[in-house]
Amino acid sequence: MGMTDVLIVGAGPTGLVLACDLARRGAAVRIVDRSPVPPRTSRAKGPNARSLEILDDLGVAEEVLAAGSAPLPMLKYRDRLPVAETDPWADSAPSPDAPYDRGRLIAQWRLEEILRDRLAGYGVRVELGREVTGLAEGPGGRHVDVTFAEGRTERARYVVGCDGAHSSVRKLLGIGFEGTTAEDQVMVCGDVDLADGALDRTRWHQWFDEDGAVMLCPIPGTRTGWWFQAGPERDGRGRPLAPTADGFRRLLARHAGLPGPALTRAELLSTYRVNVRMADRFRAGRVFLTGDAAHVHAVAGGLGMNTGIQDAFNLGWKLGLVLAGHAGPELLDTYEEERLPVAARTLDLTSERLRATLEAIRRPGGGLDAAITPDTTGLGVGYRWSSLARGHAEAPKAADGSPEAPDAEGRTARDGERPAPQAGDRAPDAPCVDAVTGARTRLHRVFAGPRTTVLGFGPGSAAVLREVAAAYGDAGVRTCRVYAEHEDRATSAPGEAVVDDEAHAAAAYGRGASDGTGTGTSTVVVVRPDHHLGLSAPAADARSVHAYLHRLHGAARSAERFSGIGGRRR
């Protein structure tokens, strides 16, 4: 029986992102889905700012941007009359450290199509119509035997359940999914076509009345397609009725004043109830849970698909390093260590945003913009508590001894200054110039691809970069020297080099700046493959850098090069 490295169950955005990440690492990956055809769903409205960074790393962001549209201003109505218009992003703009300041509207099926095409470029295709019905740990716990509905059993080193809220993988593992379902918080949804010109497609229309609500958002890439969401019709006893095309027409007539014939098509109809649930654990031996299989929450803030994409990006590089034999299997323990607290916080955040939204729409002019805060961009999510964030510099502690909470941008504020990011935080981006070609680039472009990146700021970092390149260059580690604009570049370092011509990188990484005379701070920063800081250390502390890289990438090929750590180097 052949052995697959990773079998992914579920080919939604979470499973596809994980498959793309593993495939580009050279892992033998397969992805199965029980649907006989790719689902034509547009449920999730698109990636947020952090997910766009991940899609950029996978090489598909430009296609996603082209296929989608920017978030639209929201036009709110009461009693069929427009009463307010709000652009939640009016005061937002890209910054040097975060080029995506907002998400993108795109139908989920279109995003999945883009990711499937990317995956096919690695020679991997989704195996449709394949339902997993059994999971059993192999002898000695060295693999998983996976049984399919057609009776076949296949073998994989690891299995990842990306198969949604009703996850078969989770149920087969017997993992609890505790939480609540709010039976009274119900919404009917679907994709509809409206007659050409029925509504302005440059707005997200929201009718909130005392006796119900209808929301219509145009689906990018279509001429007449819209996302339809509404409070349900109810029977004489107040129970919600199942969604139907005629029911949608009645709701549109009542709240929006649109005549019945204006709705020409309605499909993918569903009833949404607010579920707030989380798996007891995200791992059972060689099987992992990601996305909705691990956690579901209120739709407010649009974090469902995005949290799943970010789960996948956290897990992918860890599986890749373990499969390649660089890291020990204990690295996989950090997936749950890092992502379970994020999921728990997301459940709290989305429940609070739902409460705020339900309160806002009671008043004329209130709308879905109440759900949008800096937290919903995903840019502030970090892992300061993680065992992978315990390098040279410990995270600052709050008065009670717990890790100090980051602000909305993921940084702790002190005296109005913008401090350096801590280990565990998202690594900031910064525009810069390629030192060799003179072409404009940015740090996230340097980080792109399935490798750990070691940045060196200041002249004192060059020796450490040389040691890292010699010891770990063949093990998936790249080095990049960041020069200040007027810094002497006579002493070159291995690997890539960029010029921080506008000092944005120095500002983003705080004490990493150099004045070019050799008297500035020389710092080495280790950036994990998922663009989170692993370590920031003075260049003189090469021991911390080596210890951190050893954890992720195994024993150095030339460990003796570090024998002078803490003193004279050979």
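At roughly what angle do the axes of helix H1 and helix H7 cross? Let's find out, after a word on what is loaded. This is a predicted model, in which local features need pLDDT of at least 70, side-chain atom pairs count only at pLDDT 80 or more, and totals for chains, interfaces and linings use all residues. Residues are numbered from 1 along each chain as its sequence is written, and side-chain values use heavy atoms, leaving out hydrogens and water.

**The whole chain**

Start zoomed out. The chain holds 12 helices and 23 strands; these are DSSP runs (helices H or I, at least four residues; strands E, at least two), numbered from the N terminus. Of its 570 residues, 55% are buried, meaning under 20% relative accessible area with a 1.4 Å probe, protein chains only. Among contacts with a separation of 6 or more, 69% are between residues 24 or more positions apart (contact: heavy atoms within 4.5 Å).

**Stop one: H1 and H7**

Select residues 13–24 (H1) and 304–323 (H7): their axes come within 8 Å and cross at roughly 25°. Axes here are lines fitted to C-alpha atoms over the stretch in contact, with angles from 0 to 180 degrees between N-to-C directions. The two helices are therefore roughly parallel, a label for angles under 35 degrees. Now show side chains: the H1 part of the contact includes Val-17, Leu-18 and Leu-22, and the H7 part includes Ile-309, Phe-313 and Trp-317. The contact residues split into 11 nonpolar, four polar and two charged. In that count, Ala, Val, Leu, Ile, Met, Phe, Trp, Tyr, Cys and Pro are nonpolar, Asp, Glu, Lys and Arg charged, and the others, Gly among them, polar.

**Stop two: strand S9**

Next, select 177–194 (S9) and 263–279 (S13), which pair antiparallel over 14 bridges; pairing takes at least two DSSP bridges between strands. Look for Val-192, whose bridge partner in S13 is Ala-266.

**Last stop: strand S21**

Go to 496–500. Four of the five residues of S21 are buried, so this strand is largely enclosed by the rest of the structure. Which strand runs parallel to S21? Select 477–484: that is S20, joined to S21 by five bridges, with Tyr-483 opposite Val-499. Strand S17 (431–434) pairs with S21 in the antiparallel sense over two bridges, and there Asp-434 stands opposite Val-498.

Conventions. Angles under 35 degrees count as roughly parallel, over 145 as roughly antiparallel, 65 to 115 as roughly perpendicular and the rest as oblique. Buried means under 20% relative accessible area, exposed over 50%, partly exposed in between (1.4 Å probe, protein chains only).
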